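User: I have a structure here that I have not seen before. Can you walk me through it?
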Amino acid sequence: MNQFLYDLLQTPSPSGMEAEIQKKWLQHVKPYADSLHTDGAGNAIASYHPDASLQVAVAGHCDEIGFLIKAIDDHGYVYVEKLGGISHKPAIGMKVDILGSGGRLTGVIGTKAEHHGGAKDSFTFSDLFIDLGAHSKAEVEEYIAIGDTAVYKREPENLLNDRISGRGLDNRTGAFIVAESFRRVHQRLHPNVGMQAVSTVNEETNMGGAYFAGAGLAPDLAIAVDVTFATDYPGAASEKTAEVKLDGGPVLAKGAPINHKANDLLEKAAEKAGISVQYELTPRTTGTDADQLRKSAQGVPVAVVSLPLRYMHAPVETVSLHDIEQTIELLAAFILQLNSAEDFRPITPDFI
């Protein structure tokens, strides 16, 4: 596993608490950037040829789902609220790291022993509690406060066939892909097109980062890089959507929000580079940063390039390193094939 990817996956980045991972991202892209900047939302942006006539923004969000501390009882047990689309169902028996204002604490999500009836079938998120080993509320409050965040305590794991598993691959893999495609464009010295690599914040909770990045940059085209649902495992709803599998290559979105000219050029770049692509349907919205990027500035043409992922929002999300490599190469090849004369507006006045 690439060390930079591993570093990102080891860095907690619950939505709203992305500063540490953004520092690592900026440090990695700095050697390849003509300029670096951040904004008030917390986005990190690296620019290459910022004065070029054609500007393409490529954005992946760095935040992950997690927990928000909502209560501490008199015995020191901690209760949590959802931070993003996290489910209570995989939580029983898991370890968590609370990113406390007074230091990081490890705890376990407790459950009633099976001998005493086990977890009830109808348990809800409000039934979850974290055991820190504390004696009292006062002891816990030396380390954490209401509103602090927590994430599952999970290390990235290498699986067979160059697959990796862990928490928050959605979408720290996307932030990694954006950074690496930026590096490759720089190394191949494309003189005509500007690339804005963006690690966005808050996608899992409000997508505000994408909106502010799009409004600030006003690019000619924005590509959101995210993960999408793989359908190649038992129980996946493959009959309800397009087939998407690990090792099948990057996934292009098709639907009302997507710019057809950009998709055509992505397909041509993939064909020239010998990269297989897959497809997903986004009839109304994409469920990614693209939905806010396209609403910013004067209206930004968008495309979505996604990484197939199993077990979305579980602590064992799983992807293929082969797909990561192919997605990086596709984005770099796409940027490098542009000649700065492209116009991504779906229709222009000169048709009359």
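Analyst: A definition to start with: a cavity is a set of grid points where a 1.4 Å probe fits but cannot get out, while a pocket is an open set. The model is a predicted one.

User: How many cavities of 30 Å³ or more does a search of the whole structure find?
Analyst: The search finds one. The volume of the largest cavity is about 60 Å³.

User: Which residues line the largest cavity?
Analyst: Its lining is made of Glu64, Ile65, Gly66, Phe67, Ile86, Val151, Tyr152, Arg167, Gly168, His313, Ala314 and Glu317. Two or more of the lining residues are given by each of strand S4 (66-72) and strand S9 (149-152).

User: What classes are in the lining of that largest cavity?
Analyst: Six residues are nonpolar, three are polar and three are charged.

User: Pockets next. How much space lies in the largest pocket?
Analyst: The largest pocket holds about 440 Å³ of space. Its lining has 26 residues, and those nearest its centre are Val227, Thr228, Phe229, Glu280 and Met312.

User: Which strands supply at least two residues each of that pocket's lining?
Analyst: Strand S13 (221-229) and strand S15 (278-281) do. The largest share, four residues, is from S13.

User: And how does the lining of the largest pocket divide by class?
Analyst: Ten of the residues are nonpolar, eleven are polar and five are charged.

User: S13 and S15 again: what is the order of the strands in the open sheet of eight?
Analyst: The order is S1-S2-S12-S3-S13-S16-S14-S15, and the pairing is mixed. Strand S1 (35-38) and S15 are the edge strands, each pairing on one side only. From one strand to the next, the twist averages 25 degrees.

User: Is the pairing of S14 and S15 parallel or antiparallel?
Analyst: Strand S14 (residues 251-254) pairs with S15 in the parallel sense, over four bridges. Leu252 has Tyr279 in S15 as its bridge partner.

User: What holds paired strands together in general?
Analyst: Strands of a sheet pair through backbone hydrogen bonds, in either a parallel or an antiparallel way.

User: What about S11, how many bridges join it to S17?
Analyst: Strand S11 (residues 163-166) and S17 run antiparallel and are joined by four bridges. Arg163 is opposite Ser320 in S17.

User: Which way do the residues of S17 point?
Analyst: In strand S17 (residues 317-320), Glu317 and Val319 point one way, and Thr318 and Ser320 point the other way. All of them are buried. Glu317 is also among the residues that line the largest cavity.

User: Is H4 mostly covered or mostly exposed?
Analyst: Mostly covered, with 17 of its 19 residues buried. Just after H4 comes Leu189, with a positive phi of about 55 degrees.

User: How far apart are Lys70 and Ile328?
Analyst: They are 258 residues apart in sequence and 39 Å apart in space, C-alpha to C-alpha.

How values were computed. Residues are numbered from 1 along each chain as its sequence is written. This is a predicted model: local features need pLDDT of at least 70, side-chain atom pairs count only at pLDDT 80 or more; totals for chains, interfaces and linings use all residues. Side-chain values use heavy atoms; hydrogens and water are left out. On a 1 Å grid over the protein atoms alone, a cavity is a set of points where a 1.4 Å probe fits but cannot get out, and a pocket is an open set with protein on both sides within 12 Å along at least five of seven lines; lining residues have an atom within 4 Å of a point. Grid points are joined across faces, edges and corners, and a volume is the space filled by probe spheres set on the points. Ala, Val, Leu, Ile, Met, Phe, Trp, Tyr, Cys and Pro count as nonpolar, Asp, Glu, Lys and Arg as charged, and the others, Gly among them, as polar. Buried means under 20% relative accessible area, exposed over 50%, partly exposed in between (1.4 Å probe, protein chains only). Two strands pair if DSSP finds at least two bridges between them. Axes are lines fitted to C-alpha atoms, for helices over the stretch in contact, and angles run from 0 to 180 degrees between N-to-C directions.
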